[in-house]
Amino acid sequence: MKNNDRHFRAPIQRHMDPYHQADGGSQSRDAVDDGKIEGRNAVTEALRAGRRLDKVYIARGETDSALAFIASSARAAGAVVVETDRRKLDMMSVTGAHQGVIAIETAKEYATIDEILAVAEERGEAPLVIVCDEISDPHNLGAIIRTAETAGAHGVIIPKRRSAGVTAIVAKTSAGAVEHMAVARVANITAALKELKERGLWIYGTAAGGSSDLWQTDFTGPAAIVIGSEGDGMSRLVQESCDFLVSIPMRGKISSLNASASAAVVIYEAVRQRTSH
């Protein structure tokens with residue numbers, strides 16, 4: 001059998017299946033496996049069926065009433081609606097028939113900050129929360145969630161916009177850790193950090209050139225560790241919200257680690273300190 005024969009499977013025939021499109025097309029199995037739902041009929045039926053959608057990408061500038069209905073329905077269901085260039089939709093599309101809309105399904109229901117802190121209280125531990133500031137690469141987010149879960153952190157916080165969500169790709173990269181980790185999605189990271197401070201947590205931001213050396217920083221109390229984005233690090237407002245700016249010592253010629261590697265180093269230093277006290 002040729003390598004690309006798998007792309008030519010017969011369409012699903014059930015009339016109400018959200019992956020079957022009325023125009024005769026169907027969702028590729030690859031698209032379904034990655035949590036992508038493409039096309040107006042497929043996305044509309046997914047919304048009607050109550051499927052949890054993380055984000056809905058809609059072609060910018062479209063005035064079609066069907067797309068407007070999808071956008072309003074998606075927002076009402078709690079999904080983030082993103083207007084984007086058609087060329088980006090073309091690049092995202094697996095089926096080649098997105099009709100101006102692609103939805104990404106959520107792999108699990110999001111938690112709240114209260115629920116994350118409740119996990120720490122139930123375990124009788126000082127809270128350890130990981131905050132991701134605009135981590136857009138789903139593989140990095142999945143790796144951070146995996147590290148957070150293996151280290152015994154109590155939860156992860158991500159922003160609604162300019163960030164990867166907990167999608168099928170993130171779940172796969174996390175090696176199943178998302179099933180055991182509370183992940184909260186918030187409208188504003190700065191506001192979330194303010195809330196954490198009010199709840200008694202110290203905020204530690206990771207930053208190259210930060211004034212607090214990693215090995216000299218005390219992580220034994222209630223802590224939120226902020227991981228900046230892959231390219232720009234933490235945003236200015238988020239950085240200003242931190243109590244400490246922590247730097248990881250670099251001994252080689254490369255001056256930085258990627259986001260998930262930085263997260264692993266700092267998280268496990270916090271775990272080392274907590275387990276040695």
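**Close-up views of a predicted model**

Arg 162 is exposed, having a relative accessible area of 61%, where exposed means over 50%, buried under 20% and partly exposed in between, with a 1.4 Å probe and protein chains only. This is a predicted model in which local features need pLDDT of at least 70 and side-chain atom pairs count only at pLDDT 80 or more, while totals for chains, interfaces and linings use all residues. Residues are numbered from 1 along each chain as its sequence is written, and side-chain values use heavy atoms, with hydrogens and water left out.

**View 1. A salt bridge joins Arg 162 and Glu 134.** Their side chains meet at 3.3 Å, N to O, a salt bridge being a side-chain nitrogen of Lys or Arg within 4 Å of a carboxyl oxygen of Asp or Glu. The pair links distant parts of the chain, 28 residues apart, with Arg 162 in the loop between E6 and helix H7 (168–173) and Glu 134 in the loop between E5 and H6; helices (H or I, at least four residues) and strands (E, at least two) are DSSP runs numbered from the N terminus. Glu 134 counts as partly exposed, at 25% relative accessibility.

**View 2. Asp 114, Glu 195 and Arg 199 are linked in a network of salt bridges.** The side chains of Asp 114 and Arg 199 meet at 2.7 Å, N to O, and this pair links helix H5 (residues 113–123), which holds Asp 114, to the loop between helix H8 (189–198) and strand E8 (202–206), which holds Arg 199, 85 residues apart. Arg 199 also forms a salt bridge with Glu 195, the closest N and O atoms being 3.6 Å apart. Asp 114 is partly exposed at 45%, as are Arg 199 at 41% and Glu 195 at 29%.

**View 3. Seven strands form an open sheet with parallel pairing.** The strand order is E7-E6-E5-E10-E8-E11-E9, and two strands pair if DSSP finds at least two bridges between them. The edge strands, each pairing on one side only, are E7 (183–186) and E9 (212–213). Strand E5 (residues 128–132) and strand E6 (residues 155–159) pair in the parallel sense over three bridges, and Ile 130 stands opposite Val 156 in E6.

**View 4. Thr 84 lies in strand E3 (residues 80–84).** Thr 84 counts as buried, at 7% relative accessibility. Leaving aside residues up to four places away in sequence, Thr 84 touches Tyr 57, Ile 58, Ala 59, Arg 60 and Leu 89, contact meaning heavy atoms within 4.5 Å.
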